Protein chains: 2
Amino acid sequence: MKRDSRLARMIHVLIHMGLLGGRETSETIAKMLNTNPVVVRRTMAALKRKGVVGSEGGRGGGWVLLRSLDDLTVLDIQKALDEGEVLSAGVSDDHPACPVERAANAALVQAFDKAESTLLDEFAKLRLSIIAEHALSADRQLTRHQDGRNDG
Amino acid sequence: MKRDSRLARMIHVLIHMGLLGGRETSETIAKMLNTNPVVVRRTMAALKRKGVVGSEGGRGGGWVLLRSLDDLTVLDIQKALDEGEVLSAGVSDDHPACPVERAANAALVQAFDKAESTLLDEFAKLRLSIIAEHALSADRQLTRHQDGRNDG
DNA sequence: GTATGCGTAACAATAAAAGTTACGCTTTAG
DNA sequence: CTAAAGCGTAACTTTTATTGTTACGCATAC
């Protein structure tokens, strides 16, 4: 399958919105994500249902960030996007009555559950505002290097 | 994509082989997994390369377990099956030069790496012999319940 | 009332695992 | 030596989820 990149994309978009502070149309966001407006609406709809963003139709409409970057963690976005499990264990379902298959599946599910718990803990620690700061300071570094050619 | 169940299937098969102790043909294993021999050979080939199982062609041939269940962990099987990452982070690749995208991806990769590390730790703790014991005791439980109808 | 923009339905494209068919090579039985 | 049993592989098709795309309805501002 194509890898699910909705979480990464939405974090990317929300930080841009938080930094720019204004209203963005699906068209503009689509350019950010190198895709088209329908994909944007489809994914943003999930965030809208959870009150992370709002939308307005008609001329001058678009998407607005309803919560501050400091008030949003990656976990919030993850939960808004995906109601189900983050890491599903890839168990087998060939002979559901076979005790060996059941024991193997049970062991895997337990391991995946622990890993999922770790992942969600990490997500909860990741505030979008922190990621935004990292992006800005990386950007400043880059700019300084570019100027350096003129300075030297 | 269809969910990857190779790890679960191979654990299932190896435990059966360990318990039965003999030689199994791809045909027999395919029945265990409710699939066909080619899928079995394809997946077992990876385990053969790592010395977990051996195969012999010709009449009377088949697959043999080369290491004991007590000497194998789920991590061993995982590593034999998948050279790459277990949990890949699902980053975005829309504007690789965008500092915001890079920061978002970096944050996600870091979180996934921690979760992967947890998962591999859990896998390393899971000896196939332990899973086999769980399967056997669950089976005994089941048998006892079935006998109970005659006993009562 | 027309251009702008969201909301959605309905499809095609894509990617990875799994399923399937077919055939070659090796080994044992007879 | 020949036939059957098995592995090894190549070359498909199928499956399932995301992503991409087209098309159209509805709302809003100018």
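This is a predicted model: local features need pLDDT of at least 70, side-chain atom pairs count only at pLDDT 80 or more; totals for chains, interfaces and linings use all residues.
Start with DNA strand D. By that cut-off, α3(B) gives the most to the surface near DNA strand D, with five residues. In total, 30 residues surround DNA strand D. The closest are A:Thr35, A:Val38, A:Gly58, B:Ser26 and B:Gly57. So both chains are on that list of closest residues. Which elements supply at least two residues each? They are α3 of chain A, plus α2, α3 and β2 of chain B. By class, the surface near DNA strand D has eight nonpolar, 13 polar and nine charged residues.

Now DNA strand C. Again, 30 residues surround DNA strand C. Here the closest are A:Ser26, A:Gly57, B:Thr35, B:Val38 and B:Gly58. At least two residues each come from α2 (26-32), α3 (37-49) and β2 (62-65) of chain A, and from α3 (37-49) of chain B. The largest share is five residues, and α3(A) supplies that share. The classes here are eight nonpolar, 13 polar and nine charged.

Next, how the chains relate. The same surface serves both copies, since 100% of the contact residues of chain A recur in chain B.

How many residues does each chain put into that contact? Chain A gives 45 and chain B gives 45. On the side of chain A that touches chain B, the elements giving two or more residues are α1 (6-20), α5 (99-125) and α6 (128-151) of chain A. The most comes from α5(A), with 17 residues. That side of chain A has 25 nonpolar, 11 polar and nine charged residues.

One residue to look at is A:Ala138, in helix α6 of chain A. Buried, exposed or partly exposed? A:Ala138 counts as partly exposed, because there are 15 C-beta neighbours inside 10 Å. Set aside the neighbours within four places in sequence, and A:Ala138 is in contact with B:Pro99, B:Arg102 and B:Ala103. Compare A:Met44, 94 residues away along the chain. The C-alpha atoms of A:Ala138 and A:Met44 are separated by 27 Å.

Back to α3(B), the main contributor near DNA strand D. This helix has 13 residues. From first C-alpha to last, α3(B) reaches 18 Å, close to the 18 Å expected at 1.5 Å a residue. Which of its residues are buried? B:Val40, B:Met44 and B:Leu47 are. An α-helix has 3.6 residues a turn, so residues three or four places apart point the same way. The buried residues of α3(B) pack against α1 (6-20), α2 (26-32), β1 (53-56), β2 (62-65) and α4 (74-81) of chain B. After α3(B) comes B:Gly51, with a positive phi near 75 degrees.

Last, the strands of chain B. β1(B) and β2(B) run antiparallel, joined by four bridges. B:Glu56 stands opposite B:Gly62 in β2(B). The two strands form a hairpin with five residues between them. In the turn, B:Gly58 has a positive phi of about 75 degrees. B:Gly58 is also among the closest residues to DNA strand C.

Key
Residues are numbered from 1 along each chain as its sequence is written. Chains are lettered from A and ligands numbered from 1 in the order in which they are written. A residue is near a molecule or strand if its C-beta atom, placed from the backbone, lies within 6 Å of it. Ala, Val, Leu, Ile, Met, Phe, Trp, Tyr, Cys and Pro count as nonpolar, Asp, Glu, Lys and Arg as charged, and the others, Gly among them, as polar. Two residues are in contact if their C-beta atoms, placed from the backbone, lie within 7 Å. The expected span of a helix is 1.5 Å times one less than its number of residues. A residue is buried if 20 or more other C-beta atoms lie within 10 Å of its own, exposed if 12 or fewer, and partly exposed in between; C-beta atoms are placed from the backbone. Two strands pair if DSSP finds at least two bridges between them.
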